[in-house]
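Open the model in your viewer and have the selection tool ready. The stops below follow one after another.

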Amino acid sequence: MTKIKACLFDLDGVIVDTAKYHYLAWRRLAKELGFDFTEEHNERLKGISRMDSLEILLEVGGLTLDENVKVKLAEKKNNWYCEYIAKMTPDEILPGTKEFLELLRGNKIKIALGSASKNSMSILTNVGLVNHFDAIVDGNNITHAKPDPQVFLLGAKELGVAPEECVVFEDARAGIEAAINAGMYSVGIGDPKILNKANIVVSSLKEMTLEKLNSQIYCKGA
Ligand code: BG6
Ligand code: MG
């Protein structure tokens, strides 16, 4: 039986609840463009890169725009988003996260970030978690977005751990698919209906234990 040697964490919606700030900024942009953008629409953006998210938003609004206009709109959304994250504090770390990261470190399990976001360093700095990670791979280091496995494979490589010894923690369907495509185990954080491809699903990292990491995952097999 392989032992889990590393855990790779998505950022938005797993470590911190920035999904709500992404939503606020996208909804504001949609409003400015003259249409509604619901939370249900927003679910499709989770784990997806900034430009791909914009494409989905424009599809919802039935708009076709030139590339240069799209770049400006994505920049506008990101500026609003950055205003929200600039105000983040350690209080916004999701329940159980810090404790679980410390439990992993105490048990010599390596930790990496695997996020599509290009803002991950500002977020981790603002909430005081940069030093909890052995490797940080984010939207600045990758060319292929989730469900492509690149972000997680790069994280495992930086940690010097084989994919089959890794567990990915994700709140997005695209992220769970990326973990599967990487040949890694996965823990879904959130709605089991959305994350049904994960090995196990928990409502937050508060529910995670070393026992779950090392036994439940094997029970289901991957
Ligand atoms: C992911 C989020 O983590 O990062 C997506 O789930 C987001 O919603 C993506 O679009 C890119 O983030 P950013 O911060 O680079 O715009
Ligand atoms: Mg996420």
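Select Ile48 and ligand 1: a polar backbone atom of Ile48 is 2.7 Å from an oxygen atom of ligand 1, a polar contact being a pair of N or O atoms within 3.5 Å. Next take Arg50, with a polar side-chain atom 2.8 Å from an oxygen of ligand 1. Of the 400 Å² of accessible area that ligand 1 has on its own, the protein covers 97% (Shrake-Rupley method, 1.4 Å probe).

The model is predicted: local features need pLDDT of at least 70, side-chain atom pairs count only at pLDDT 80 or more, and totals for chains, interfaces and linings use all residues. Residues are numbered from 1 along each chain as its sequence is written, chains are lettered from A and ligands numbered from 1 in the order written, and side-chain values use heavy atoms, without hydrogens and water.

Now select the shell, meaning residues with a heavy atom within 4 Å. It holds 15 residues, the closest being Asp12, Ile48, Ser117, Lys118 and Asn119. Colour by class: four are nonpolar, seven polar and four charged, with Gly counted as polar. Colour by domain: at least three residues come from each of domain 1 (6-16 + 92-217) and domain 2 (19-85), bounds taken from an automatic or database assignment.

Finally, select Asp10, Asp12, Glu170 and Asp171, listed by UniProt as "binding site" in an unreviewed entry; such annotations may be inferred rather than shown by experiment. They span 162 residues of sequence, yet the largest C-alpha distance is 8.9 Å.

Methods
Polar contact = N/O pair within 3.5 Å; in protein donor to acceptor, adjacent residues only side chain to side chain.
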